[in-house]
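Notebook open, model loaded. I'm jotting down what I look up as I go.

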Amino acid sequence: MLGKVALRIMPFLALLYFVNYLDRVNIGFAGPNGMNTELGLTATAFGFASGIFFLGYLTLEVPSNLALHRFGARRWLARIMITWGIVATALAFVPNPTTLVIMRFLLGVAEAGFFPGIILYLTYWFPAAQRAKAVALFMAAVPVSSAIGATVSSLLIAHGHGVFGLSGWRFMFLVEGIPAILLAFATWFYLTDRPEQAKWLTEDERRWLTTELDNERKATEAEHHWPLRKALTHPRILGLAFVYFAIAYGLYALGFFLPTIIAGFGQEFGTKLSTVQAGLVTAIPYVIAAVVMVFWARHGDRTRERKWHVALPMIVGGVAIPVALYLGNPYAAMVAVTICAVGVCAALPTFWALPSTFLSGAAAAGGIALINSLGNISGFAAPYVTGWLRDLTGSQRTGLWVVGACMLAGALVALVLGARPRSDFARTVDSRP
């Protein structure tokens, strides 16, 4: 029966996230393909414009997710998508760096609540034992978006130059912003807020799934007693936010600067690639990462082990990424980058299975949003720090060493925290004389 649920909602949610993630990181393709030159952006300025999105994202993340919990997923997600689609499309017409920064900030404000809203929405449909796999199927859109998006973005830039009188990178922004607006209307009519409202399930299926999830929620609340205030202030939530910060630091450093790194192969190794060829090369690490992500999450669900399924890929990715630029040829460098992409992506779905092991209801809405909000500060820090270090040192290497160190620190925190807190019942028993 859960397979029926997955078949109904997962492809659609993955499509939404594909469009969402592409609109978020397509500036990484615009930068080295005309935008930086046309607007006069240094590496530091490009990193700032890329990362300012996440400061806008940070401001409304928690209230947006609480609104989704209150008003329902289909209404709130549709609202988010219309506003982000309008801003993403308007990026095609930015005249100068200041306007670019303002529009990227507004894009973050518009998108706030989308990703944690989907993570919360999945807890309404999948029991904990199947949740990491469900999150992996959803988040496979990240590497798929990076893989397909790299090729699509490169083709739009290469063949869109001059269409409507726009530069290639402007045409890319215009075309890639429109699907969010169209999908907002599909979301309103296609999604179902809760299992009990799903007319596409039989009455017995609705009853079984609703009972299963209600019993699980009641057991979680009885064992852990996490109200909304505790979920927004507890040190464990801040620790999980740091772990996610470290994972996302690697993800966004790759997303924003991998096209630039590959473009630099020509200077470093004498490799000559067209815009489309560079896009295809950029896709390779993410295609492999998408496959590994799903199998790793499935293994975590089957074994019920969580903390090492988060920490181990982070360790592997953290070691691999700074090594990439010390290798003597582009093929070896791409192997190291691919290993890093696999490590980053494999850690993500199991990580997002952790908060719902002790949070439910409004506490889950607020806690998941806060973790995502604080963790996504890395979306600002990673491109800005990486770009600043490149301008300072003249090389990508220092910035990628910072990426690796951050991921290793996050893995250590994940191991210290463990998969879930001790229950209130266990602490009561241990405190008895």
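Predicted model: local features only at pLDDT ≥ 70, side-chain atom pairs only at ≥ 80, totals over all residues.

I started with helix 19 (residues 377-393) and helix 20 (residues 397-417), which pack at an angle of about 145 degrees with their axes 7 Å apart. For my own reference, axes are lines fitted to C-alpha atoms, for helices over the stretch in contact, and angles run from 0 to 180 degrees between N-to-C directions. Helices (H or I, at least four residues) and strands (E, at least two) are DSSP runs, numbered from the N terminus.

Which residues meet there? I found Thr386, Leu389 and Thr393 of helix 19 against Thr398, Gly399 and Val402 of helix 20, where contact means heavy atoms within 4.5 Å.

Residues are numbered from 1 along each chain as its sequence is written, and side-chain values use heavy atoms, with hydrogens and water left out.

Next I took the whole protein. I count 21 helices and zero strands. Of the 433 residues, 58% are buried (buried is under 20% relative accessible area, exposed over 50%, partly exposed in between, with a 1.4 Å probe and protein chains only). Among contacts with a separation of 6 or more, 83% are between residues 24 or more positions apart. The accessible surface is about 16,700 Å², and carbon and sulfur atoms hold 67% of that; the areas come from the Shrake-Rupley method with a 1.4 Å probe, and for residues only the protein chains shown count as cover.

Helix 5 (residues 73-90) and helix 7 (residues 114-123) have axes that come within 11 Å and cross at roughly 160 degrees. That makes helix 5 roughly antiparallel to helix 7 (under 35 degrees is roughly parallel, over 145 roughly antiparallel, 65 to 115 roughly perpendicular, the rest oblique). From helix 5, Ala73, Leu77, Ile80, Met81 and Trp84 meet Phe114, Ile118 and Tyr121 from helix 7.

I stayed on helix 5 for Thr89. Is Thr89 buried or exposed? Thr89 counts as buried because its relative accessibility is 15%. Leaving out residues up to four places away in sequence, Thr89 touches Phe173, Leu174, Gly177, Ile178 and Ile181.

Val19, in helix 1 (residues 2-25), is buried at 7% relative accessibility. Beyond four places in sequence, I see Val19 in contact with Trp84, Pro179, Ala180 and Leu183. Val19 and Pro179 sit 160 residues apart in sequence, yet 7.1 Å apart in space, C-alpha to C-alpha.

Last, I checked phi. Most residues other than glycine have a negative phi. Phe164 has a positive one, near 60 degrees, in the loop between helix 9 (141-160) and helix 10 (168-190), and counts as exposed at 66% relative accessibility. Arg304 also has a positive phi, about 65 degrees. I placed Arg304 in the loop between helix 15 (275-303) and helix 16 (307-323), exposed with a relative accessible area of 60%.
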